[in-house]
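Dear colleague,

I am handing over the structure you will find just below, with its sequence. Please look through it before reading the notes that come after.

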Amino acid sequence: MTQSGQKKPAAQCGDPRDELVEHLPALRAFALSLTREGASADDLVQDTIVKAWTHIDKFQPGTNLRAWLFTILRNTFYSAHRKTRREVSDTDGIHAARRATKPEHDGRLAMNDFRAAFEKLPDEQREALILVGASGFSYEEAAEMTGVAVGTVKSRANRGRKRLAELLQLMDGESLDMTDSATLAVMNQNNPLMR
Amino acid sequence: MTTKRDERRKAAIEKQIDENLKRVYEEDTTEKIPDRFLDLLEQLRGQDGK
């Protein structure tokens, strides 16, 4: 614990507004995960930039700027979303359909399937997963950003993961052993030595 | 025994999901920032007259 205060990282000395641009890609990705639609995501980012810029005095230097920006974006989203919830409630899969990405051939989950499944999750589960699963915030940070208890973030993230696993049928390993013994039985039957 | 195996599988599934989340998210973060945002920042900077 050196309390010199002399050698602060450059990030803490300069105007945090100069760093906004560095967080734009992450903000856009977060916005996209909330809105599930490109145009509204960009509007949301635009509002966030303006709010952050004009309220920069509320930002505590030395704290996590990205977390602060995410919080603004999320509050903006929810205050607008409450008004239009009905309107956007059935956009499931639209975002996924829009971005028809190239399929992966390396055994990982197909991105489109994953996106489509992800977009079916309730808002708060998507949000928890984006914050802790994808952007690397701690459960504590995510809890602070979303204004709920740490345990709530954990359970939202876990329910989200579980639902994704169901949607992507990752849970059907139950029958694995049966399949294996069935396979073995067939193999034994066909074993030339048995004939 | 079964529970241990279930737990391992659950952990593996969670890991797989988080990895895919990261990939989707990274894919989104590597998209080019639209000019409108850079223009907006310029505009805000100009308004502040700094």
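This is a predicted model: local features need pLDDT of at least 70, side-chain atom pairs count only at pLDDT 80 or more; totals for chains, interfaces and linings use all residues.

In it, 20 residues of chain B are in contact with 29 residues of chain A. On the chain B side of this contact, the elements that give two or more residues are α1 (2-29) and α2 (35-48) of chain B, and α1(B) gives the most, with 13 residues. Sorted by class, that side of chain B has 11 nonpolar, three polar and six charged residues.

Turning to chain A, an unreviewed UniProt entry carries the annotation "domain: RNA polymerase sigma factor 70 region 4 type" for residues 113-164 of chain A. In the model, this span is 79% helix and 0% strand, and its end C-alpha atoms lie 10 Å apart.

One helix pair in chain A may also interest you, namely α8 (residues 139-146) and α9 (residues 150-167), whose axes come within 8 Å and cross at roughly 105 degrees. Since angles of 65 to 115 degrees count as roughly perpendicular, α8(A) and α9(A) are therefore roughly perpendicular to each other. Where they meet, α8(A) contributes Y139(A), E140(A), A142(A), A143(A) and T146(A), while α9(A) contributes V150(A), V153(A) and K154(A). By class, this contact of α8(A) with α9(A) has five nonpolar, one polar and two charged residues.

With best regards

Note on methods:
Residues are numbered from 1 along each chain as its sequence is written. Chains are lettered from A and ligands numbered from 1 in the order in which they are written. Two residues are in contact if their C-beta atoms, placed from the backbone, lie within 7 Å. Helices (H or I, at least four residues) and strands (E, at least two) are DSSP runs, numbered from the N terminus. Ala, Val, Leu, Ile, Met, Phe, Trp, Tyr, Cys and Pro count as nonpolar, Asp, Glu, Lys and Arg as charged, and the others, Gly among them, as polar. UniProt positions are given in the numbering used here, feature names are shortened, and annotations may be inferred rather than shown by experiment. Axes are lines fitted to C-alpha atoms, for helices over the stretch in contact, and angles run from 0 to 180 degrees between N-to-C directions. Angles under 35 degrees count as roughly parallel, over 145 as roughly antiparallel, 65 to 115 as roughly perpendicular and the rest as oblique.
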